[in-house]
Amino acid sequence: MNDAALFDEAFGQLDDDRREQLDLAAASDPSLSDRRARLRRAVSLLLETDDPEPPSDLAARTTARMLRHADEPRILEFAPSRPRMRWVDVGVAAAVMLIGMMSLVPAVRHQQQSVDKLICTDNLRQIGLAMNQYAATHQSFPYVDPACPASYVGSAYVLLNEVGLLHDHRTLDCPCDGEPIPTRGLPRFAELLDQEQHGPGSCREDLRVDYAYHLGNLHPETKRLIPLPFNVENRVPLVADQPPFRLDTAKGSASNGGVILVGNSPNHAGAGQNVLFTDGRVEWRRTRWVSSSDYDIYLNQCDRTGPGVHLQDAVLTPCVMRFRD
C-alpha cells in the first residue's frame, strides 16, 4: 500500500475492499501502522480545530527582527546601478581593434596592388591592339626618323593618337607607380615639332608616360635605324613598364637622351615589369631577361641604350628619350 491509500482513508475516500487490504498491510507492517495513526491525528486536528491563533509575541518578534537587520544591505543594493567600465577593459578593446586593423590593412593593400597590376596588364593589351592595327596599315610599328627634331620615343604614341587608334591617353598610365601622367592628354605631332623647334627638350614633359617603347633596330647593311617590321619572325618585346633611368637635362644636351639604370621598372617598385610582345600577349617578368637572344629588354646586345643589333634584340626605351642610330 502506498501513501495515497493512507490519505484516501484519512479523508474518508477509501472503499471497503481497499480499507480491508490496508488493515491487513498495517497489521504486518509496524511502520505503516505508525504512519497511518499519525496521519489520522493530523487530519483530525486539521478538520476539527478552528483557525489557529498566532503566537502572542509574533508582532514583537517581527518588529525586533526588522530593527536588528535595518542597517544591513539588502540584496538589490549589491547590484550596481550601471556597469562600471575599467581602464583595463578599454585597453583590451583598443588592443583588439588595433590588431584587427593591422591585420586588415596589408590585405587591403595587397588586394589594391593586384587590381592595379591587372589594370596595367589591360593597358598594355590595348596598346598592343593599337600598335598592331597601325603596323598592319604601315607595315611597320610607329617610329619617327632620328633626323626629326621631335624624334622622341613617345612620339610613337602621338602617332597612334592622331590616327584614332589610341582612344584614351590614360591607357599610358600605369596605376602601380602612384604618379598620374599629365591630364591634358597627348599633343598633336605638329605641336610637338613646333615646340621642339623653339626650345629643344621642352616637349619632354608632354610625353612623360609610364610605358617604354621599342627603339627600332639597325639595318644589317646600312647600320641605320629602321622601325620594327610588322611581319617580324617570332615574337619580340614591343612595350613594357619603363625602366629606371636618369634623364640628361644638361643645357644643350636634349639630343643625348639619358642613361638606363640597373634594376627592374620602378612602376612596380622594382618587383618586375609587364612586357607586351608583338603577338599581343602580355607577360609578367621578374627580370629584364626575356630569351637567349635578348638578355636585357632595356639595353641592346652591346649593353647600350641604342637600337637592337638584330630583330630579336629588343630595346625598350622611356618615351622622353629619342629615336637614334
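In strand β7, V275 is the bridge partner of A240. Strands here are DSSP runs of E with at least two residues, helices are runs of H or I with at least four, and both are numbered from the N terminus. Two strands count as paired if DSSP finds at least two bridges between them. The model is predicted: local features need pLDDT of at least 70, side-chain atom pairs count only at pLDDT 80 or more, and totals for chains, interfaces and linings use all residues. Residues are numbered from 1 along each chain as its sequence is written, and side-chain values use heavy atoms, with hydrogens and water left out.

Strand β7 also pairs with strand β8 (residues 282–285). The two run antiparallel and are joined by four bridges. Within β8, V282 is the bridge partner of L276. The hairpin of β7 and β8 has four residues between the strands, and G280 takes a positive phi near 95 degrees there. Five of the five residues of β7 (residues 273–277) are buried, so the strand is largely enclosed by the rest of the structure. Buried means under 20% relative accessible area, exposed means over 50%, and partly exposed lies in between (1.4 Å probe, protein chains only). Q273, V275 and F277 cover one side of β7, while N274 and L276 lie on the other.

Aromatic contacts form a second theme. A pair of aromatic rings is described by the distance of the centres and the angle of the planes. Rings of Phe, Tyr and Trp (its six-membered ring) pair if their centres lie within 6.5 Å; planes under 30 degrees apart are stacked, over 60 edge-to-face, and the rest tilted. The count by this rule is three aromatic pairs. In one of them, the ring centres of Y143 and F323 are 5.9 Å apart and the planes stand at 90 degrees, so the pair is edge-to-face. Y143 lies in the loop between α5 (87–138) and α6 (155–162) and F323 in the segment after β9 (316–317), so this pair ties together parts that are 180 residues apart in sequence. Y143 is partly exposed at 26% relative accessibility. F323 is buried, with a relative accessible area of 1%. The rings of Y213 and F323 are also edge-to-face, with centres 6.4 Å apart and planes at 80 degrees. Y213 lies in strand β1 (residues 211–214), and its pair with F323 ties together parts that are 110 residues apart in sequence. At 2% relative accessibility, Y213 is buried. Ring pairs link Y143, Y157, Y213 and F323 into a cluster.

Charged side chains were examined next. Side chains of opposite charge can pair when their charged atoms come close. A salt bridge is a side-chain nitrogen of Lys or Arg within 4 Å of a carboxyl oxygen of Asp or Glu. By this rule there are 18 salt bridges. One of them joins D8 to R18, with the closest N and O atoms 3.6 Å apart. D8 lies in helix α1 and R18 in helix α2, ten residues apart. Another salt bridge joins D296 and R288, at 3.0 Å between the closest N and O atoms. Here D296 is buried, with a relative accessible area of 15%. R288 is buried as well, at 11%. E9, R19, D23, R36 and R40 are linked in a network of salt bridges.
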